[in-house]
Amino acid sequence: MCGFAGVIHSSVKSFSTSTLQKMLDAIKHRGPDDAGLWSEENIFLGHRRLSIHDLSTAGHQPMQSKSGRFTIIFNGEIYNFEELRAQLPSILWEGRSDTEVMLHAFEVWGIEKALRSFNGMFAFALWDKQEKILTLARDRMGEKPLYWGWCDDTLLFGSELKALKVHPSFNAKINRSALALLMQHNYIPAPYSIYEGIEKLCPGQYVQIKVGQTRNDVIPKHYWQLNTAIESGIKQPFTGTDEQAVDLLENTLKQAVSSQMLADVPLGAFLSGGVDSSTIVALMVKSSSLPVKTFAIGFDEPGYNEAVFAKEVAQHLGTEHTEFYVSAKDALELIPKLPEMYCEPFADSSQLPTYLVCKMAKQHVTVALSGDGGDELFGGYNPYQFSPKIWAKVKLLPLSLRDLLFKVLSGSLLPDKLNKLLAVFPAKDKEHFYQLLMSHWQHPQQLVIGAQPLPTLLNAHEKWPKTDSFEHWMMAMDAGQYMPEDILVKVDRAAMANSLETRVPLLDHRVVELAWQLPLHLKIRNDVGKWVLREVLYRHVPRELIERPKKGFAIPLAQWLRGPLKEWAETLLDEQRLIQEGYFHPELICTYWLEHLSGKRDHSTRLWGVLMFQAWLEKQ
């Protein structure tokens with residue numbers, strides 16, 4: 001697990017490696033163990049290393065292939081590198097790192113075949129000296145980040161925006177349309193970033209760039225597509241019995257978990273006591289001869305604390321368990337760090353406990369496995385169960401009547417649940433219904449000055465996979481956008497801020513592909529999600545320790561904004577300040593803030609998006 005940054009100038013020009021060093025210094029947290037620079041004519045590559053495999057200098061990067069043709073800077077892990085090493089023609093290996101195996105694979109198999117052979121999480125930049133081509137690539141599900149873009153005639157690329165911003169050519173003009181997406185989703189989906197001209201490479205993509213080319217000259221390509229896995233799985237579904245499905249999933253998960261437990265440093269896992277993390281920990285326990293170290297976060301506020309459930313599961317499995325209880329004071333102390341931690345504004349409020357559990361884990365381990373991905377793959381989120389039923393009732397009312405009710409009742413102080421229902425009344429179809437349901441600000445272009453609509457997975461029909469049900473369509477949308485752009489961003493930045501590597505066994509592409517082969521009735525049964533995953537878990541943990549309403553990794557944000565975070569929030573939401581900065585129409589923000597403070601409405605998730613942008617902007 002590491003971080004990298006690089007520069008290509010369109011022509012050979014004076015460029016000090018001290019600038020590249022400063023770019024690396026900005027992401028030192030991603031790799032505190034080692035650093036390296038490499039340059040040739042007008043290309044400059046830099047790397048920061050967090051040593052996980054082969055702790056010796058044989059794992060140092062930038063690393064060159066045996067022939068000298070390829071030079072790589074790489075962030076992530078290739079879990080099957082030992083298998084690939086055995087398959088490749090034998091050479092005199094310098095060490096035991098996965099990076100060296102990657103380079104040899106590129107030499108022997110070429111770029112795309114090598115990419116398809118990798119089982120792991122990764123982002124990398126690869127320079128081909130022979131062809132004078134730079135390849136940028138990202139893992140299948142989007143676990144590791146990669147930003148890239150041109151500033152004038154200079155190509156900048158790296159693991160985080162904060163590295164690119166150090167370069168003197170960087171243009172820090174805010175993309176207002178991307179800001180509107182932040183208001184809508186509380187994250188900015190790929191390929192967009194908060195800055196104009198800078199993109200995020202999408203999951204499963206690679207792009208090849210020759211010196212002198214511009215953005216209009218290159219087109220990212222897919223070496224693997226989630227949509228293909230979805231359509232292929234639905235077209236050729238699993239046809240065995242329930243028990244055979246549970247057996248198959250358990251065996252596939254065992255392979256994924258055991259492959260991700262390989263490390264030359266201490267390793268543990270996050271444990272919430274829910275289905276996903278408990279399943280991962282249970283399978284880790286089966287694969288380990290030593291007690292597994294587990295970590296959980298709790299809250300003193302009633303209704304938010306799952307630490308007690310995590311402790312019960314930990315006791316049953318016999319793990320070495322550590323827990324930490326989060327207070328409003330902890331959150332307040334952490335908030336000033338968030339703009340530094342997230343290189344572009346990000347507003348999933350569970351970023352706070354995620355950082356704190358990573359901080360706690362880092363005191364004991366260097367690698368932690370997580371249970372992310374189970375909801376999107378196996379139908380765990382509550383909307384998958386209730387949305388089809390609600391839409392079936394909503395659509396009985398004519399759209400013209402629903403539009404009228406929406407216009408008449410909008411702005412009235414309805415209870416929060418009724419207001420949420422009212423927000424979906426303008427839906428033209430079930431897909432539009434889900435888009436509205438998942439939007440914090442339904443019309444963000446009316447909030448952000450100068451913003452224009454941008455196509456995303458959720459609103460661009462041509463990007464949708466062909467599915468066999470509304471439930472599977474919702475799961476596909478979340479697996480393709482919400483998971484990589486929210487969940488995985490949150491975990492990567494929070495972990496890397498603590499120099500902790502996180503791994504996600506449920507996102508092993510073999511698990512993902514199997515999940516989409518399983519029919520819907522193996523995922524959602526009797527209005528309960530993750531049926532088949534639960535059955536795997538119940539082979540290891542008693543049912544009564546797990547069965548309870550889903551809570552998610554939430555914090556008592558609404559209460560905190562009315563209490564200990566109120567003064568901080570009021571400063572950032574000051575009307576005159578908003579007018580002066582010129583990004584938002586302030587009227588609705590101020591109205592929502594007053595309504596929230598009164599306790600009549602809960603606008604916490606909407607306001608958090610504005611607050612996170614404001615806090616981030618203050619640091620720029």
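Author: A note before we start: this is a predicted model. One nonpolar surface patch covers about 400 Å². Leu397, Leu401, Leu404, Val408 and Leu409 make it.

Reader: Which helix holds Val408?

Author: Val408 is one of the residues in the nonpolar patch. The helix in which Val408 is found runs over residues 399-409. That is helix H16.

Reader: Is Val408 buried or exposed?

Author: The relative accessibility of Val408 is 58%. The cut-off for this class is over 50%. Val408 therefore counts as exposed.

Reader: Now the charges. How many salt bridges does a search of the whole structure find?

Author: Side chains of opposite charge can pair when their charged atoms come close. Here a pair needs a Lys or Arg side-chain nitrogen within 4 Å of a carboxyl oxygen of Asp or Glu. Searching the whole structure gives 32 salt bridges.

Reader: Arg96 and Asp264 meet in a salt bridge. How many residues apart in sequence are the parts this pair ties together?

Author: The N to O distance in this bridge is 3.6 Å. Arg96 lies in the loop between helix H2 (81-87) and helix H3 (98-109). Asp264 lies in the loop between helix H8 (242-259) and strand S13 (267-270), so the pair ties together parts that are separated in sequence by 168 residues.

Reader: Which residue forms a salt bridge with Lys530?

Author: The closest N and O atoms of this pair are 2.9 Å apart. Lys530 sits in the loop between helix H20 (509-517) and helix H21 (531-537), and its partner is in helix H14 (residues 374-378), 155 residues apart. The partner is Asp375.

Reader: Is Asp375 buried or exposed?

Author: Buried means under 20% relative accessible area. Lys530, at 4%, is therefore buried. Asp375 has 8%, so Asp375 is also buried.

Reader: Lys430 forms a salt bridge with Glu431. At what relative accessibility does Glu431 count as buried?

Author: The closest N and O atoms of Lys430 and Glu431 are 3.5 Å apart. Lys430 counts as partly exposed, at 31%. Glu431 counts as buried at 14%.

Reader: Which residues do salt bridges that share partners join into one network?

Author: Shared partners link several salt bridges into one network. Its members are Arg30, Lys144, Glu160, Lys162, Asp492 and Arg493.

Methods: Residues are numbered from 1 along each chain as its sequence is written. This is a predicted model: local features need pLDDT of at least 70, side-chain atom pairs count only at pLDDT 80 or more; totals for chains, interfaces and linings use all residues. Side-chain values use heavy atoms; hydrogens and water are left out. Patches are made of residues with over 30% relative accessible area and no salt bridge: like charges are joined within 9 Å, nonpolar side chains (Val, Leu, Ile, Met, Phe, Trp, Tyr) within 5 Å. Accessible areas come from the Shrake-Rupley method with a 1.4 Å probe; for residues, only the protein chains shown count as cover. Helices (H or I, at least four residues) and strands (E, at least two) are DSSP runs, numbered from the N terminus. Buried means under 20% relative accessible area, exposed over 50%, partly exposed in between (1.4 Å probe, protein chains only).
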